[in-house]
Amino acid sequence: MTDEHGPGRITAGFREVYGSEPGGVWAAPGRVNLIGEHTDYNDGFVMPLALPHTCLAAASPRTDGVLRLHSGDVPGGVVELRVEDLSPVAGGAGGGDRGGWAAYPAGVVWALREAGVLTGADGGAELHFESTVPTGAGLSSSAALEVVTATALNDLYGLGLTPARIARLCQRAENAFVGVPCGIMDQMASACCTEGHALFLDARDLAQRQVPFDLAAEGLRLLVVDTRVKHELGDGAYASRRAACEAAARALGVRALRDVPFEGLEAALAELERLGCDAATRRRVRHVVTEDRRVEEVIERLDAGDTRSIGPVLTAGHASCRDDFEISCEELDLVVESGCAAGALGARMTGGGFGGSAIVLVAEGDAEAVSKAVTVAFGAAGHRPPRIFPAVPSSGARRL
Ligand code: GLA
């Protein structure tokens, strides 16, 4: 972390806004997902890693039930709310999707109160945020904002919440207060990742394992390519993918698609066809079941110490996202095609899809040539140049 984005600067920002010293400074990171896309809300497996990019919060408690929120990144003054007035119907600070960043931290306070973790006037606080997580890039800037808020309040009020509980409450805030039907991956990644590791997570019971992911030791690099596009259809499509998966699970009589074993996939698809389930939904099922299998394959290869060999699994994951789950877009496909053509070991979209970012696994010596090839391909296709930077597996939420 640099001085430009560190405790000194955020403390000064807090002082300027609120005229006092903060009670502390906290950080929560954004993430990329190595493999396991749209599997989390199917109770399946995911494997994110935290980025060095973080959302910082300087915060102090208040005893009068007033919540004051300020962002150094978004123009506008302090948003002031009464914690007892927070409600998902009113949308709190105007509602996240319905108008503004403040709904995310407000939603977290609401979720903590709704769960009975905060009571009375507790939850009142002054918070000042600054973030280096790119927004709208599919790198979980919202989860970072939620998790840093919950982590700060957890410490300020001595709530004793575990990182996994924090993640659950933040997901609840985003689902019920902000109104985004996301799964648990992003919040778990921001709360639980550790430096030098990818997080293997079972989204059903939140069982987790920190998997060593030391790219440098193997002469490798994982590039994040932010396409800098976000296609409008993303939000509705996320909800409709989720609904299709849930309908298919119901039709098959299982709790979630995670319960369809890879070996039973063909039989399950035949059964769905017999039940009159449409071809698109059957492709969605095939994506989820094969994607869970790919997560397991990546784990096996990493456990065997062969990071290089995960490349083709990542690329196969992209094809499945593109063809079966239909959540890719021209720009993401172009990253994968041009990156692989220029010698990348593997590449895939990461996150929800319809724009945002892709990841590209390369041998260190090829990083520059691959980055250049992707940028040139974007230019030739008439797209804005993408933003490319290395994904260094970093630490989850913490007090600084
Ligand atoms: C978004 C959601 C996650 C997950 C991914 C797709 O990032 O917030 O819960 O579903 O999309 O894997």
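I'm working from a predicted model, where local features need pLDDT of at least 70, side-chain atom pairs count only at pLDDT 80 or more, and totals for chains, interfaces and linings use all residues. Residues are numbered from 1 along each chain as its sequence is written, and side-chain values use heavy atoms, with hydrogens and water left out.

I looked up the oxygen atoms of the ligand. One lies 2.7 Å from a backbone N or O atom of His38. For Asp186, a polar side-chain atom is 2.6 Å from a ligand oxygen. I also noted a polar backbone atom of Gly352 at 3.5 Å from an oxygen of the ligand. On its own the ligand has 310 Å² of accessible area (Shrake-Rupley method, 1.4 Å probe), and the protein covers 92% of that.

**Shell.** I found 13 residues around the ligand, counting any with a heavy atom within 4 Å of it. Glu37, His38, Asp40, Asp186 and Tyr238 are the closest. The shell splits into five nonpolar, four polar and four charged residues; I note that Gly counts as polar and Tyr as nonpolar.

**Where does the ligand sit?** I found the ligand in the largest pocket, meaning more than half of its atoms lie within 2 Å of the pocket's grid points. A pocket is an open set of points on a 1 Å grid over the protein atoms alone where a 1.4 Å probe fits, with protein on both sides within 12 Å along at least five of seven lines.

Key:
A polar contact is a pair of N or O atoms within 3.5 Å; within protein, one must be able to donate a hydrogen and the other to accept it, and residues adjacent in sequence count only if both atoms are side-chain atoms. On a 1 Å grid over the protein atoms alone, a cavity is a set of points where a 1.4 Å probe fits but cannot get out, and a pocket is an open set with protein on both sides within 12 Å along at least five of seven lines; lining residues have an atom within 4 Å of a point.
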